Amino acid sequence: MAISAKQVKELREKTGAGMMDCKKALTETDGDMAKAVDWLREKGKAKAEKKANRVAAEGLTRVTTNGNKAVIYEVNSETDFVAKNEQFLSLLDTMKDAFLTNDVVTVEDALVLETPQGTINDLLVDATATIGEKITLRRLAVVTKTDEQQFGTYMHNGGAISALVVMEGATDEIAKNMAMQVASMRPTYVSQADVPAEVVEHETEVQKQIMAADPKLEGKPEKVLEGILKGKVSKHFQDECLMDQEYFLEPKKKVSAFLKEHKCSVVEFIRYQAGEGLEKREDDFAAEVAAQMAAAK
């Protein structure tokens, strides 16, 4: 039977597979959409192993809570097109339910969790086979709180960024706003007291070298230099520490002052951004370079 462009388009939207693969699947199954999806899945499984070394640097994050338990996780794909794929989004929801209802700590724990459709790892293999891109569960964190504490969650741009905070003495609104602060301002630590000693030592050495090369500081007393050094190190970490940041809803006020005013505090936070820290695909990098060169002309 003749396969229409409309059928190919529908199958591609359902699976994310290539146009020619979709056309072949429909041809082999006499235009049966459900069978074509299965055909792509079965044929694709044989190719899934070949995708193991590809870089999956796109995708989505999710954050969800249930009572005193919260889970934040990231699932990667090779292109951002897949982030709109129906199967990919369904996979994220299946993971959410599995993570909230089972004891899981690591990615390894998560991969062997059973769902009605198979293990999480089975679902990832199926998605890789059907969609035609490497799909991976990159990371997750499970956080618990006490009855007296509050969760704040926020997902930006459909899950491009997710943030989770644990607070004490906060309203739901304040907790959500703190999650938005974490998502938008990208802090690394709650306060400067949480910065690891080795990180502080490294920055101190860097600032010492900078000060040693500054002719304006020559001949100043040692005690004065110590004070300047301490100030420079502290200033460096201000943007990285949540308490030292400007509160995004009241820029003239620091987060620490806002929280003190409302008699609440942040216990911990986690921020995931899809693809952060992952190597870009070569073709993406080439496209970016070409765009920059064009803009410079």
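Mentor: First, a definition: helices (H or I, at least four residues) and strands (E, at least two) are DSSP runs, numbered from the N terminus. This is a predicted model, in which local features need pLDDT of at least 70 and side-chain atom pairs count only at pLDDT 80 or more, while totals for chains, interfaces and linings use all residues. Residues are numbered from 1 along each chain as its sequence is written, and side-chain values use heavy atoms, with hydrogens and water left out.

Trainee: Where does lysine 69 lie?

Mentor: Lysine 69 belongs to strand E2, which covers residues 69–77.

Trainee: And is lysine 69 buried or exposed?

Mentor: Lysine 69 is buried, that is, under 20% relative accessible area with a 1.4 Å probe, protein chains only. Lysine 69 has no salt bridge, meaning a side-chain nitrogen of Lys or Arg within 4 Å of a carboxyl oxygen of Asp or Glu. The nearest side chain of opposite charge is aspartate 103, 4.8 Å away; Lys and Arg count as positive, Asp and Glu as negative, and His and the chain ends are not counted.

Trainee: Which backbone oxygen does its side chain reach?

Mentor: The side chain of lysine 69 reaches that of phenylalanine 99, at 3.0 Å.

Trainee: What else is lysine 69 in contact with?

Mentor: Beyond neighbours within four places in sequence, its contacts (heavy atoms within 4.5 Å) include Thr64, Leu100, Asn102, Val142 and Phe151.

Trainee: Now the sheet. What is the strand order around E2?

Mentor: The order is E1-E2-E5, an open, antiparallel sheet of three strands. Its edge strands are E1 (58–66) and E5 (136–144), each pairing on one side only. The twist averages 10° from one strand to the next. Two strands pair if DSSP finds at least two bridges between them; E2 and E5 have eight, and isoleucine 72 stands opposite alanine 141 in E5.

Trainee: Which helix lies across that sheet?

Mentor: Helix H4 (residues 86–101) lies across E1, E2 and E5, at about 150° to E2. Axes are lines fitted to C-alpha atoms, for helices over the stretch in contact, and angles run from 0 to 180 degrees between N-to-C directions.

Trainee: What about E6, E7 and E10?

Mentor: These three strands form an open antiparallel sheet in the order E6-E7-E10. Strand E7 (residues 161–168) and E10 pair over eight bridges, with methionine 167 opposite valine 266 in E10. Helix H7 (residues 172–185) lies across E6, E7 and E10, at about 135° to E7.

Methods
Buried means under 20% relative accessible area, exposed over 50%, partly exposed in between (1.4 Å probe, protein chains only). A polar contact is a pair of N or O atoms within 3.5 Å; within protein, one must be able to donate a hydrogen and the other to accept it, and residues adjacent in sequence count only if both atoms are side-chain atoms.
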